[in-house]
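User: I am new to protein structures, and I would like to learn how to read one feature at a time. Could we begin once the structure is in view?

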Amino acid sequence: MTDPLYELLTPYFDSPQTPRPVPTSNDPVTSQYLSRLTTLPLSSLAIQEPQSLAQSSHSTLLSIQSLSSRSHAAVIASADHFSSLEESLPLLAEEVSKLQIQIPKLDESTATFSSTYSRSTENEVLDRRKRALLMERNADRLSDILDLPNLFSSAISSSAAQGTSSINNYATALDLYSHIKRLHFLYSESPLINSIYAQTESAMQDLISHLITSLRGQNLKLAAGMRTISWIRRVAPELEVTINRSGNQEGLLGYLFLVCRLSTLVNMLSALEPLRQLADQESLARSRNTSITARAGKVNGSAYQGGQQSERYLKKYIEIFREQSFAIISMYKSIFPTSADGSATAEIPLPFKSAGPKSNLQPKSALNAPTASPSALATFPSHLTDLLFDTLKQYLPNVQDKTSKESLLTQILYCAGSLGRLGGDFSLMLAMLSSVEADEPVSSYDDDESGEGEWVEVMKKHRELAGRLEALASGVGAGKGIDKVGSLRIKS
């Protein structure tokens, strides 16, 4: 129902041409204001209400002006957007309809993608992506694996440059080799691991060569030799293959060690080449003197008086031979105790060759017995004695001075005693030297005694001296043994 007061005031509202709309009777603000007017007295309606309306209108105007000053840009932009809203809404509706049409296709594509690239199914793209991600996560490890051949080669090169004293480098190289072998065993189907293993095996041959070369060093000690053999066992286990030798088992490493040390001995003896050349000149001079004496038919003619250079050469030769032969065999027994124990039960065969057409130093039972294949250590001393006696047979006849020859024979006996401590005494082989000297022309000092008596006398003196020294060492004859030993000095 329309308010009477609203009807009464309707004629006084603004005309329709004004921009302000006419308030309706249902407007809450209008109804509230009309209700307030009915509660005011007539005096307030006539005086106070117009002032209140004017004050509110002025305050509202100031607020609108302030708002316009602060937000005129936003108001203008809002007005522009509102003006373009009529064009945007149809476009929005059109795009929404298109989206509704494409949603089924999108859903179908999503389902296809989900089924194609699901983790439960195999897919080449996913596998390639997984491998790429795995390689990215393990890039540092792959880089370390690729550096293994270079590290291994560097360790070998530094070890070869520093020799057997470089323990850490050899140990590092062997640790790297063990790690690479373990990788190859675990990932034998990987082309990368196979390539790294092939490079390592190629470098390993260099390491084995360096280790074998180190066994040929002149100053090889027992500790260095044991370390080198243990390293060779690790890098070349095929050398540990045992060979049946007369019921004993010994590996190829023992043969390798003896061959390397024998090569070192030969090289050290070859360093005496200048002295040997001088001794060869004396041998040539002696042979010429022998031929001249034989043609002249003189038995007691002018004898050959040389031999000083041969004496110097043989002294150096025997000294090097004694030191190195004892070191080789003792080191072998320390490094290969099993092989040494096996060969110790058998007697070391020494090369007792025939001293003449009627001499036979071996019994017939030994000659007719079937020959067994001896161990390397059993035959090695005989090879060393052959090497020594071939030199003695060639150059010892050049020494014509009796004192010098006895000194050399005594030095040979000391060498035989040194090897005798290891089971290779060859002192009885001095008889072979007397058979060689029997064919030589009689010299000035051979008028009273033959060559055979000479070496027998030297051996008796040597044994007498050795017995007195043993007695002195055991405390027997401590008071008078010194004078007797001191009086028996052989000029060297």
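Analyst: Let us start with the word contact, which here means heavy atoms within 4.5 Å. Please keep in mind that this is a predicted model. Leaving aside neighbours within four places in sequence, Phe152 is in contact with Ala173, Leu176, Tyr177, Thr200, Ala203, Met204 and Leu207.

User: Which residues have the most contacts inside the largest nonpolar core?

Analyst: The general idea is that, in soluble globular proteins, nonpolar side chains tend to be buried together. In this model, the largest nonpolar core has 70 residues, and those with the most contacts inside it are Phe152, Leu207 and Phe257. Helix H12, which covers residues 308-335, gives this core its largest share, namely 11 residues.

User: How should I read the way helices H5 and H8 cross, and which residues make the contact?

Analyst: One looks at the angle between the two axes, where angles under 35 degrees count as roughly parallel. The axes of H5 (residues 139-146) and H8 (residues 191-214) come within 10 Å and cross at roughly 25 degrees, which means that H5 is roughly parallel to H8. Leu142, Ile145 and Leu146 of H5 meet Leu192, Ile193 and Ile196 of H8 in this contact, and by class the contact has 6 nonpolar residues, with no polar and no charged ones.

User: What does the protein chain as a whole contain in helices and strands, and what percentage of its residues is buried?

Analyst: The secondary structure of the protein chain comes to 19 helices and 2 strands, while buried residues make up 29% of its 492 residues.

Notes. Residues numbered from 1 in each chain as written. Predicted model: local features only at pLDDT ≥ 70, side-chain atom pairs only at ≥ 80, totals over all residues. Heavy atoms only, no water. Axes fitted to C-alpha atoms, helices over the stretch in contact; angles between N-to-C directions. Helix = DSSP H or I, 4+ residues; strand = E, 2+ residues; numbered from the N terminus. Parallel < 35°, antiparallel > 145°, perpendicular 65-115°, else oblique. Nonpolar A, V, L, I, M, F, W, Y, C, P; charged D, E, K, R; others polar. Buried < 20%, exposed > 50% of the residue type's maximum accessible area, 1.4 Å probe, protein only. Core = buried A, V, L, I, M, F, W, Y, C linked by side-chain atoms within 4.5 Å.
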